[in-house]
Amino acid sequence: MELRFKEKLAYGLGAVGKDMVYMLSASYVLYYFQDVLGVSAAAMGVILLVARIFDAFNDPIMGIIVAKTKTRWGKFRPWLFIGTVTNAVVLFLMFAAPPALDGGGLVAYAAVTYIVWGVTYTMMDIPYWSMIPAFTKGGKEREGLTTLARSCAGVGSALVTIFTVMIVDRLGRIFAGDSATQHDIEVQGFKYFALIIAILFVVFIIITCVSIKEKATVDMESPSVGQMFKALISNDQAMTIVIAIVLINCSIYITSNLVIYFFKYDFGGTGWKGSYTLFNMFGGAIQILSMMIFYPILRKFASNVKVFYICLASAMIGYAVLFGIAFTGMSNVFILFIPGFFIFAANGVLQVLTTVFLANTVDYGELKNGRRDESVIFSMQTFVVKLASGVAAMIASICLTVNSLKAESADEVEEAIDYAASVAASSKLGLRMTMTIIPIVGLFVAVMLFKKKFILSDEKMEEINAQLKSQKNA
């Protein structure tokens, strides 16, 4: 039975909500605690990285818990709902640090809330993506739903990326007053913006839970922890994709963590917030178009593997052009749209492709190992995405510390301040190199790994699906 439009829409709404939450955390938690509240960049880097190491143990275990779950509502939806509600609460708390805290207390608060946020995000993210192989057929239906979900996720990410700075400023002025310091405006702004995102997140996921039901799958004996890890490790294609996702996302997240600092301390000008918002608006639009239009067009002329290589090359070209443009006058934000197009378009398609590839490894693992390990495989996606986020944040924090990039005062009232005017040229160079050269290296390594290890071409997947169908009919 084909998926109905209602089911596709409901699943897509869930992706919008969860990626709004993820992008707010991934792109702004470092800025919030470091630039707004004054926690040192080095301390934040350690916190974000330690949280990801903790996830190395938490995420696969959560995948196993989901795999063993049996309820009248299925094994995915209960955890999807529970994880969403708890994650929404923790998200609000994370961006609503008590004003009385400072120093060590603030560092401890950041550490606890961020680690708990990661745990609760895992609780809902693993069942969300694990549902794809469980209620879709292979091939075009799965690819189509994955494309839709990733496109909707891109919409959620883009909305937060584009509007956060401006909405935070507006909400801050409403709740703190126009005469308040820039510090107080941002503190109040982030608090109430996080509350709005948390509420939308819960509403969207409830719609998903009510509308989506996984199809019955082969009833297999619940495996032990050892068996599950063995099945994961023995799936060489899953491990290849996992490593590739780490490299790609780490490269992208380094830039997304630093781009706000680039506009504030390098591009500069008194209207840097407007330029930052305009650039993100363009990037978000391109990223969504790449998922919904560019990817389907490319698929008409090339295999998924070839599209993957095209996107990696596009991203590397974009970073190289951005590095070169940074040494020009950069008086007009529109010139940054040139490298932005190559980077954002590539990122959009790569998000779809990596999920399609990972879903295909479930079929590959079933043929090779005799079991479908959706939850375990997709728990690795959740883990590696957060691992990449943690590593990227650590690299970004080192960059900020080494180059002394931080607002000198929390007492400015208006945003009409040219922060870049007081930043040394060497600091700007360090920022530019970190957000362009390091990503190029990461993407190049991903290309080499993928070329050497990956075998799940379109033709190979047709062969695998035929073999699985033959086994089921036997």
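Student: Why is V203 called partly exposed?

Tutor: V203 has a relative accessibility of 41%. Buried means under 20% relative accessible area, exposed means over 50%, and partly exposed is in between (1.4 Å probe, protein chains only). So V203 counts as partly exposed. Before we go on: this is a predicted model, where local features need pLDDT of at least 70 and side-chain atom pairs count only at pLDDT 80 or more, while totals for chains, interfaces and linings use all residues. Residues are numbered from 1 along each chain as its sequence is written, and side-chain values use heavy atoms, with hydrogens and water left out.

Student: Where does V203 sit?

Tutor: V203 is in helix α6, which covers residues 182-211. Helices here are DSSP runs (H or I, at least four residues), numbered from the N terminus. V203 and G329 are 126 residues apart in sequence, and their C-alpha atoms are 45 Å apart in space.

Student: What makes α1 and α6 roughly antiparallel?

Tutor: Their axes cross at roughly 160 degrees and come within 8 Å. Axes are lines fitted to C-alpha atoms, for helices over the stretch in contact, with angles from 0 to 180 degrees between N-to-C directions. Angles under 35 degrees count as roughly parallel, over 145 as roughly antiparallel, 65 to 115 as roughly perpendicular, and the rest as oblique. The α1 and α6 pair is therefore roughly antiparallel.

Student: Which hand does that crossing have?

Tutor: α1 passes α6 in a left-handed crossing. The rule is that a crossing is left-handed if the near helix is turned anticlockwise from the far one by less than a right angle, and right-handed if clockwise.

Student: How do you know what to call α8 and α11?

Tutor: Helix α8 (residues 236-267) and α11 pack at about 165 degrees, with axes 8 Å apart. That pair is therefore roughly antiparallel, and the crossing is left-handed.

Student: And what is α9 relative to α11?

Tutor: The axes of α9 and α11 come within 8 Å and cross at roughly 45 degrees. That makes α9 oblique to α11. The crossing of α9 and α11 is right-handed.

Student: Now the charges. Why do D125 and K18 count as a salt bridge?

Tutor: A salt bridge is a side-chain nitrogen of Lys or Arg within 4 Å of a carboxyl oxygen of Asp or Glu. The closest N and O atoms of D125 and K18 are 2.6 Å apart, and the two form a salt bridge. D125 lies in helix α4 (residues 103-135) and K18 in helix α1 (residues 5-36), so the pair ties together parts that are 107 residues apart in sequence.

Student: Are D125 and K18 buried or exposed?

Tutor: D125 has a relative accessible area of 5%, so D125 is buried. K18 comes in at 1% and is buried too.

Student: Which residues pair up between α8 and α11?

Tutor: D236 lies in helix α8 and K368 in helix α11, so the pair ties together parts that are 132 residues apart in sequence. The closest N and O atoms of their salt bridge are 3.0 Å apart. Here D236 is partly exposed at 31%, and K368 is partly exposed at 46%.

Student: What about R299?

Tutor: The side chains of R299 and D458 meet in a salt bridge, 3.0 Å from N to O. R299 lies in helix α9 (residues 272-301) and D458 in helix α14 (residues 458-473), so the pair ties together parts that are 159 residues apart in sequence. R299, with a relative accessible area of 18%, is buried.

Student: How many salt bridges does the structure hold?

Tutor: Nine.

Student: How do you know A393 and I245 are buried?

Tutor: A393, in helix α12 (residues 374-402), has 2% relative accessibility, so A393 counts as buried. I245 is found in helix α8, and at 3% I245 counts as buried.

Key: Helix = DSSP H or I, 4+ residues; strand = E, 2+ residues; numbered from the N terminus.
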